[in-house]
Amino acid sequence: MSSSITRRSFTKGALAGVGLTGSGLAMPSLVRPAAAADRLLVVQWGAQWIEISEEIVKKYNETKDTRIAWELHSGGSAAIVAKIKAIWPNAPYNVLSVWDPVFRDMIAEDWLEPIDESIVTNLATIPDIFIQKNDAGQKMTVPLSTAGAFWGYREDVLPDGFDSIEDLLRPEFKGKVVVPYPINLTGLFIVTCAIQRGGDEKNAEPGWEFVKELAASGAIGQICTSNSEFINAMASGQYGVGFWNNGGWFATAENFPVKIKNRMEDNKGFLYNEGFCVLKGSPLEAAFDFANFFARPDINEMYNIPLGSGPTQPGATANPKIAEWYYKPDELEKYAYIADYAFLGQAKNEWNERWEREIVPLMRS
Amino acid sequence: MSKRYADAFFFTGYYGLIALAILFALIPIVIAVVLSFDNRTFIGPFPPTDWSFRWYEEFLTSDYYHQGLKTSLIVSSTATLFSTVIGALTAIAIDRGRFWGRGVLQSLFISPLVIPTVVIGFGVLMFASRLGIVDGLPRLIMGHIIITFPYVVRTTLAALIGLRPSYFEAALSLGATPYQALWHITIPLARTGIIAGAIFAFVMSFDEVAVSLFLSDPFTYTLPVALLAQMRANLNLTIAAVSVIFIIVTIVLIWALDRIAGLDKIVGQGVYGRIR
Amino acid sequence: MAFARTSAGSRSGTRASRVNGVLLLPALVLFLPLLIGPLAVLLDESLKPYEAGRIGGTEGAELTFENYTELADPAYVHYFLDTFRIGLIVTLAAILLGYPIAHFIVRKASPWLAKLLIASLIGMLFLSLIVRIYAISMAYGPLGPFNDVSWLFGIDPRSPAKTELMVIFGLLHTVLPLVAITLISTIQNINPRLEDAALSLGAPRWKAFTSITLIMSLPGILSAGIIGYAFCISNLVVPLILGKGFVLFVSNLIYFRFSEISNFPSGAAISILMMLISLTIFYGLMRLVRDKNGEARE
C-alpha cells in the first residue's frame with residue numbers, strides 16, 4: 001500500500017499549496033486548517049457540472065469538514081484515463097465523475113474500489129440496472145444521472161421532421177445530418193444504425209451497411225467530436241437532424257425548438273449513467289460519504305436540474321423541460337436500449353479503424 | 001513586353017498581394033473582436049444580435065482563470081527563456097559547424113515541430129512519471145521547452161543564412177577571440193531571428209492546450225486548459241475576450257518598447273540597416 | 001591576399017570548431033535528454049501489442065511490429081498524403097502572401113508603418129487558435145458574409161471541397177505571420193545595393209528583384225517554409241473543427257487513439273512513422289538550404 005501513502009501525502013502537499021495561494025477552484029473558504037479533516041480530490045466536468053457541484057459541497061461542508069479540491073476534465077473524459085494510466089499507481093485523484101463506458105475501462109484496469117454500501121446507504125434506492133459491477137458482482141459505481149443519446153431535429157429548420165432514420169437517405173436530407181465520430185458516445189451511432197437494420201452492437205454489420213448508405217448519399221453534413229461542436233453545428237441552422245447526447249440537445253433546446261425522436265417504431269433511444277467512482281488508495285470513508293451525499297434524493301434532484309439529465313433516485317423529480325425526453329417505466333421495454341458498454345469498450349478500436357478505412361473515403365469523394 | 005509595362009505589372013502584383021494578405025489577416029481578427037462582445041453561447045449567424053461584456057467580466061473576476069494565467073505566464077516565460085538562450089547558441093553552432101552528424105542533429109532538434117502535441121504531452125507525462133516527477137510545474141515546463149525549442153533554432157538559422165562567415169572570420173583575423181566575435185558580431189546580426197524565435201516560442205507555449213492537458217495537475221493548470229474545461233457544455237467565449245486582451249497588451253507593449261528603447265535597437269536591423 | 005585568406009580561414013576553422021562544441025553543449029546536455037526521453041517512451045509503447053478494451057499497450061508481452069504493419073493500407077496512405085498535400089498548399093500560399101509583406105516592411109515601409117506592421121504581425125499570433133477557428137468559420141462559413149469567396153477558387157460553397165478550403169484558411173491564418181516574421185530577418189541580411197546595381201545597369205525591376213533578392217533569400221524562404229509546414233502537418237485543432245470529420249490529418253488519427261480509444265501503441269506507431277517521414281523530408285530540404293546557402297555565400 002505504499003502507493004496510497006504516496007498519493008495521500010502528495011494530495012496533502014498540493015492542498016497546502018493551494019491554501020497558501022488561496023487560489024482556484026479549491027475555494028479558499030473550504031481549505032480550513034482543520035488538522036483532522038480528510039481531503040478529497042474530485043474530478044468533475046466544467047461549466048454547469050462544477051457550478052452545481054460547488055453549491056452542493058457548500059451544503060455538505062455544513063455538517064462534514066472534508067476538504068474538497070476539484071480538477072476539471074478538459075478533453076473527453078477518456079483523457080483522464082490516459083493520464084491515470086501513465087502515472088498509476090501514483091494518481092492523485094480520489095473520486096471521479098465519469099460515465100458508463102469509462103467506468104467499464106476503469107473496472108477492467110482494476111483501479112476502482114468496490115462501493116461500501118454500509119456508508120453509501122443511498123445506493124439502495126437507485127435501480128440496480130444503473131449500477132456497474134465488476135466480475136465478482138460487486139457494485140463499483142454511484143450513478144447520479146441518467147443521460148441518453150437520441151435522434152432529433154430542429155423543428156424550425158425541418159418542420160416536417162422524419163419518422164424513421166431510413167428517411168434520411170432521401171435527397172432532401174442531403175448535407176443536413178450531424179453525427180458523432182463513431183468512437184464518441186462510445187459507438188452508439190453505429191449501434192442505432194445496426195438496430196435500424198435489425199442488428200445490435202454485437203451484430204453491427206447491418207449498421208455498417210446503413211452508415212455506408214448514409215455516407216454515400218451525402219446526408220452527413222458534419223461529424224462532431226465534442227458537445228460544443230455539436231451545439232455550434234446545430235446552432236448554425238445549416239443542419240437540421242442529429243444524433244447526440246442529452247447534454248448537446250439540452251443546450252440546443254435552450255435557443256431553438258428541438259424535437260427529440262426517442263419513440264420511433266423501428267429504433268431506440270439509448271440510456272446510460274453518469275456518476276461517481278472511487279479510485280483505490282483513496283481515503284475511503286470520506287470518499288464514500290461524499291458520494292453518498294450526492295446520491296441523496298433531494299441532492300440528486302438539485303444536481304440534475306441544471307445539467308439537463310435525469311436523476312437516478314426514483315424519489316427525485318426531473319427538470320420539467322426534459323421530462324419528455326425520458327421514458328415512463330412502461331415505455332422502457334419498447335423504446336429504451338441499454339447497450340453493453342463493456343462490449344462497446346472492446347469494439348471501439350476496431351470500429352474506429354473501420355470508419356477510417358471504409359467510411360471517410362466515401363464522404364470525401 | 002516593354003520594361004515599363006512589366007514594371008507596372010510587377011508593382012500591381014506586389015502591392016496586390018500585400019493588400020490581400022492584410023485583408024485576409026484582418027477579417028478573422030475583426031470577427032474575433034466582435035465575438036468577444038457576443039452574448040450568445042453558440043456560434044450563430046454573423047453579426048451577433050445580442051451584446052455584452054460578460055466574457056471580459058468572467059475573465060477579470062474569476063480566480064480560477066487568474067490562477068491559470070499565473071501558471072501560463074510562469075511556464076511560458078521559463079520555457080521561452082530556456083529555449084531562446086540554448087536554442088540560439090545551438091543554431092549558431094549548427095550554422096557555423098562542419099561536423100559529422102550535423103544534419104541529423106539539426107533534424108532531431110526540430111523534430112518536436114512535426115510531432116502532434118498530444119503525443120508530446122503524453123510522452124512527457126510517462127517519462128516524467130518514470131523519473132518520479134509528479135508535480136505539475138516541472139512537467140509543464142519540460143513539455144513546453146520541447147515544443148518551443150525548435151522555433152528558436154529555426155528562426156535563428158533563418159537569420160544567419162544571409163550572413164557570410166567572413167564577418168566572423170574578419171573579426172578573428174583582427175584579433176578578436178571567438179567568444180568576442182560571437183558576442184559582438186554573430187549574435188547582434190542574428191538578433192532579429194533570435195527575437196522572432198523567442199516570440200514564436202512564447203506564443204506557441206501560451207496558446208498550447210494539448211501538452212498542458214496531460215501535464216497539468218489539479219493545482220497547476222494553464223489558462224488555455226482552464227478555458228477549455230469551461231467549454232464542455234456551451235461555447236464559452238471568455239477565450240475570445242482573453243485573445244483580444246492579449247492582442248491589445250502585445251501591441252501596447254511593443255509600442256512602449258519602441259518609445260523606451262527603440263524597436264530597431266531591440267529587433268536589430270541586419271547587416272545593411274534600413275536603406276531608402 | 002589569397003594566401004592570407006586561407007590561412008585566416010583555417011586558423012579560425014579550428015578555433016571556431018572548439019567554440020561550436022561549447023555552444024552545442026547546453027543543448028546536448030539539457031535539451032537532448034528531455035527530447036529523447038519521451039521519444040524513447042513512445043518508441044517502446046509503439047512496439048507493445050494492444051488488447052481491445054484495455055488502456056494502452058500490454059505490459060511485459062513480446063514486442064511486435066503489428067502496430068506499424070497495419071498502417072500499410074491504402075486508406076492510411078491517403079491520410080498521410082492529404083496531410084502533406086494540404087500542408088504544402090498552405091505553406092506555398094503563406095510564402096506567396098508573406099514574402100511581399102516582409103519585403104515591404106524591410107525595404108519600402110516608412111519607419112512607423114514598418115513598426116505598426118511588425119506589431120500587428122506579432123499581435124496576430126496572440127489570437128488563440130480556437131478563437132481563430134471560430135472567427136474563420138463565422139467569416140467564411142455558410143452563414144458568414146464571405147461564404148461566396150470559395151467561388152474565386154472555383155469551389156461550390158456547398159461542396160465537400162469547401163471544407164478543405166476552410167482548413168486551408170484556418171492554417172494559413174497562423175502560418176502567415178510565422179512565415180512573414182521569419183522572412184523579415186532573412187531579407188534584412190541581403191544587400192539591397194545589389195538590386196540597385198542591377199537596376200542602374202538597366203534591368204527591369206521585376207528581373208532585378210527575382211534574379212537577385214528573391215534568389216538570395218531562397219534559403220530563408222525554405223527555412224520559413226519548414227516552420228510553416230511543420231506547424232500545418234502537426235496541427236490537430238484546425239482539421240478537427242474546420243475539417244468537419246471529412247478532412248482528417250494524421251494528427252487526428254493519433255489524437256483519437258490517445259484520447260478516445262486508449263490504443264496508445266497504435267497512436268505511438270503512427271507518431272513515430274509520421275516523425276520519420278517528416279524528418280526525412282526536412283533533412284532533404286535542409287541539404288538543399290545548405291547547398292543553396294553555400295552558393296549564395298560564394
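How many residues does the contact take from chain C, and how many from chain A? It takes 26 from chain C and 33 from chain A. Before I go on, a caution: this is a predicted model.

Stay with the chain C side of that contact. Helices α3 (74-108), α10 (237-242) and α11 (250-259) of chain C each supply at least two residues to the side that touches chain A. The largest share comes from α11(C), with four residues. By class, this side of chain C has 14 nonpolar, seven polar and five charged residues.

Chain B has 13 helices and zero strands. Chain B has 276 residues, and 55% of them count as buried. Its C-alpha trace spans about 65 × 65 × 40 Å along the principal axes. Take the contacts in chain B between residues at least 6 apart in sequence: 76% of them join residues at least 24 apart.

Chain C, then. Here we have twelve helices and zero strands. Chain C has 298 residues, of which 55% count as buried. Along its principal axes, the C-alpha trace of chain C spans about 70 × 60 × 35 Å. For contacts in chain C with a separation of 6 or more, residues 24 or more positions apart account for 70%.

On to chain A. It is divided into two domains. Domain 1 covers 2-146 + 273-324, and domain 2 covers 147-271 + 327-364. The contact between them takes twelve residues from domain 1 of chain A and twelve residues from domain 2 of chain A. On the domain 1 side, α4 (100-108) and β4 of chain A each supply at least two residues. Helix α4(A) gives the most to that side, with four residues. What is the make-up of the domain 1 side, by nonpolar, polar and charged residues? Three are nonpolar, four are polar and five are charged.

Last stop: strand β7 of chain A, residues 241-245. Is it enclosed or open? Five of its five residues are buried, so β7(A) is largely enclosed by the rest of the structure.

Look at what pairs with it. Strand β4 of chain A, residues 142-154, is joined to β7(A) by five bridges, and the two run antiparallel. Find Phe150(A) on your screens; it stands opposite Trp244(A) in β7(A). Strand β5 of chain A, residues 177-180, pairs with β7(A) in the parallel sense, over two bridges. There, the bridge partner of Val177(A) is Val241(A) in β7(A).

Strand β7(A) has antiparallel β4(A) and parallel β5(A) as pairing partners.

Definitions and conventions:
Residues numbered from 1 in each chain as written. Chains lettered and ligands numbered in written order. Predicted model: local features only at pLDDT ≥ 70, side-chain atom pairs only at ≥ 80, totals over all residues. Buried ≥ 20, exposed ≤ 12 C-beta atoms within 10 Å, placed from the backbone. Pairing = 2+ DSSP bridges. Contact = placed C-beta atoms within 7 Å. Domains from an automatic or database assignment. Nonpolar A, V, L, I, M, F, W, Y, C, P; charged D, E, K, R; others polar.
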